[in-house]
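Let's take a friendly walk through this structure, from the place where two chains meet down to single side chains. Keep the viewer open as you read.

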Amino acid sequence: MQNLLENNLIRFVHLLRRMGLNVGTGEVIDAFNAIELISPADKEAFKAALSSTLVKSKNERAIFNHSFNLFFSLPQVRKNLKKEWQKKKQLEQDGMERAETELCFQGESLNLSAEQKKVYSYLSAEQKQRVQNYIKKAEQGEKDQHNHKSLLETIVKSALSYYHRQVEDEFIHTLNTDDEELDSIAGAIESSRGAGQFSVMYEDMQKITESGLPQAKEVIRLMTRSLVKTISRRYHKSKRKRRLDLRRVIRGSIGCGGTFFKLKFKEKRVSKPRLLLLCDVSGSMVRYSEFVIEFIYGINSVLGRIETFIFADNLEQISHCFQSGLDFNVIMTDIINISQEWGGGTSLAQSLQTLRENYGDTYNSKTIALIVSDTCTTNLPQAEAEMKKFSRCVRDIIWLNPMPREKWEKAISVEVFLRYVRMFSCNTLADLERVVRKGLRL
Amino acid sequence: MQVKLTEIHKGLEQQGYIAAREVELTVYLALSMGKPLLIEGEPGVGKTELAKVISGMFDAPLIRLQCYEGLDEAKALYEWNYQRQLLMIEMGRDSCSKHIEESDLFSMDYLLARPLLKAIQAEERTVLLIDEVDKTDQEFEAFLFEVLSDFTISIPEFGTIYARQVPIVILTSNNERELSDGLKRRCIYLYLEFPDVEREIEIIKAKIPGVGEKLSSQAAKAVAYIRANKDIQKKPSIGETLDWIKALMTMDADRLETGIVSDTLNILLKNRRDQQIFNEQQGAESVVEISKGKSNAKFTGK
């Protein structure tokens, strides 16, 4: 019985970690110790024991409560969840296999990723028919198969990318463990994230659906309000003692016959950091960049000058757009409509070169550069050379990378850029708040 | 520390602290496991009050370290009374006075013990309240790790001082900034929310004897309605709710009316901006309707 309890507790901790909670081994040990002090049969006490040892913030509580209610529910409930999940998974699998056969150009399957096939499988019959009709029309045209096939693939991928946001709410999510029960519970929790059951703070920004956007924007608003309130106090005179100001101490002692009665201290003046924001707005990065820009402008009252650039194939300055005083959403809509870079490919080399040649007066040795990008870029050697030049001209470069940290080791681009920047994993709003606060030393 | 859950429940009740079962369980776990208790929550939910109540329960003196920005070791741990030392040196220059050794100047007479050192040196068990720890910085938190992990303090002139009785440590935070993972991991965590309507009515009746049934119920519903507005920055605390009811009773009100709510709003909302937001988005009239149950509408935003 004890082994069963321990085993279940470990699995539950595993689930919490996958949901974004940072649970360390020490906390797991504390949880075990706490359970020994209460009766596990008392569900309320059991929940309190786990909550007090595994949860360390208000935002984590909502995720914990939901996870606890599902994981420690009646066996029948869990069995039903598992069945439902297996059924959905099978349907999804069948859908992806059909995508292989339905999306063919002249007898050859189009070269699509698993994610793209998944999107296709979730489309309505009408949408699928539209895509298939387009492929059929294309088959009747060009005879130069190879060139036309790659062009067709690009068009189909763009269409699927467009449909992605519409259907991602329905995706089943999986932890990819060998534990199907855990996967099914995780899937149920992920599905309810989009329904706004708990805060979007720990959800990957890329996965925040249209229905979750208002909540995300509200979270950003509250986060920035709290951050501004805290930071603005830092610019007041602090009683904190730093270095002894011997000159003032000696001058002060003159009136006391040379005895150092009162010690005076001095500290470095805290000045507002000057920021240069470089946001990658290529296809996969758009959502992250939008949130980062909104967050930074939410705290602009406690920052010095902010220069904002977006880049994909090339660089565009958008700082002037935020001086109009209009609502942030209106400004962003205008930027998206006017920008030629939005949703393009990524060329960091070209973008940094443009920044250096055309906008060199927007930064200096006191500037902190904040880059939001997944490091995936064309012409990596040139990008490295430009980054090296850039790093010599600014005070610090903080890189917010939405790529999961476990993938960094395998990404050469990450290794290259790490030589010049401080890189932080950032794909949730909670990460964003933590990194901006620590990175800018606010 | 050996305690029973029933003792905690009884103790809290006797001290007049009405708490949810989760609070009792968490306090019990923190005391039994001998770990510091970190209480987070919005201002006015009863974090500091809980520490005082625990101190009352165990008859342990409460030693309070009120944190603020710029707090350092000298103000938290100990400081040499250098003015007194300087005076002694000056007096020692007089050839008639006895010769002063360096060790004389670095004795307990010249040491100003601050809260952390006082808690460690105490002969009996104390409750050490580190209040609003989120107002300090990370350097101070790192310093706290050292003290809270072993309850020892090293003073170069004296050596290491060990705690005679390990104090009950309670830290509170208004969540104005994220505390470091290191500090959180060393603590048992409790998030205190504002009480729901039923619990708030219980608290009102316990703290204000003689309050009318109608007034307590309506006031609790009114305050819950005001707190539901996310745009209000400083939500009415439990203490402010009690003050408000006392003010209403002073004005011989036994129920809520629009006029009296408008006149006494400044007791609940102490911020001009919050008052403006309340008037624009909610208003005294809707508060009265909600409190009387005439409207089931919950505040969902502007």
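## Ground rules

This is a predicted model, in which local features need pLDDT of at least 70 and side-chain atom pairs count only at pLDDT 80 or more, while totals for chains, interfaces and linings use all residues. Residues are numbered from 1 along each chain as its sequence is written, chains are lettered from A and ligands numbered from 1 in the order in which they are written, and side-chain values use heavy atoms, with hydrogens and water left out.

## Chain A as a whole

Chain A has 17 helices and ten strands (DSSP runs numbered from the N terminus: H or I of at least four residues for helices, E of at least two for strands). Of its 442 residues, 50% count as buried; buried means under 20% relative accessible area, exposed over 50%, and partly exposed in between, using a 1.4 Å probe and protein chains only.

Chain A exposes about 22400 Å², and carbon and sulfur atoms supply 50% of that (Shrake-Rupley method with a 1.4 Å probe; for residues, only the protein chains shown count as cover). Among contacts (heavy atoms within 4.5 Å) in chain A between residues at least 6 apart in sequence, 71% join residues at least 24 apart.

## Where chains A and B meet

The contact draws 41 residues from chain B and 39 residues from chain A. Together the two chains bury about 3600 Å², with 48% of it on carbon and sulfur atoms (buried area is the accessible area, 1.4 Å probe, that two parts lose on being put together, summed over both). On the chain B side, B:Glu69, B:Glu176 and B:Tyr189 lose the most area to chain A, together 17% of what that side buries.

Six salt bridges cross this interface (a side-chain nitrogen of Lys or Arg within 4 Å of a carboxyl oxygen of Asp or Glu). A:Arg61 and B:Glu193 form a salt bridge, with N to O at 3.7 Å. Helix H2 (21-33) of chain B is among the elements that give two or more residues to the side touching chain A, and H2(B) supplies the largest share, eight residues. That side of chain B divides into twelve nonpolar, seven polar and 22 charged residues (Ala, Val, Leu, Ile, Met, Phe, Trp, Tyr, Cys and Pro are nonpolar, Asp, Glu, Lys and Arg charged, and the others, Gly among them, polar).

## Salt bridges within the chains

Side chains of opposite charge can pair when their charged atoms come close. Over all chains, the structure holds 25 salt bridges. In chain A, A:Arg130 and A:Glu126 meet at 3.0 Å, N to O; both lie in helix H7 (residues 125-140), four residues apart, about one turn of the helix. A:Arg130 is partly exposed at 45%, and A:Glu126 is exposed at 56%.

In chain B, B:Asp131 and B:Arg64 form a salt bridge whose closest N and O atoms are 2.5 Å apart. B:Asp131 belongs to strand S5 (residues 127-131) and B:Arg64 to strand S2 (residues 62-66), so the pair ties together parts 67 residues apart in sequence. B:Asp131 is buried at 2% relative accessible area, whereas B:Arg64 is partly exposed at 38%.

## A buried aspartate

Which strand holds A:Asp280? A:Asp280 sits in strand S5 (residues 274-280) of chain A and is buried, with a relative accessible area of 0%. Beyond its neighbours within four places in sequence, A:Asp280 contacts several residues, including A:Met285, A:Phe311 and A:Asp374.
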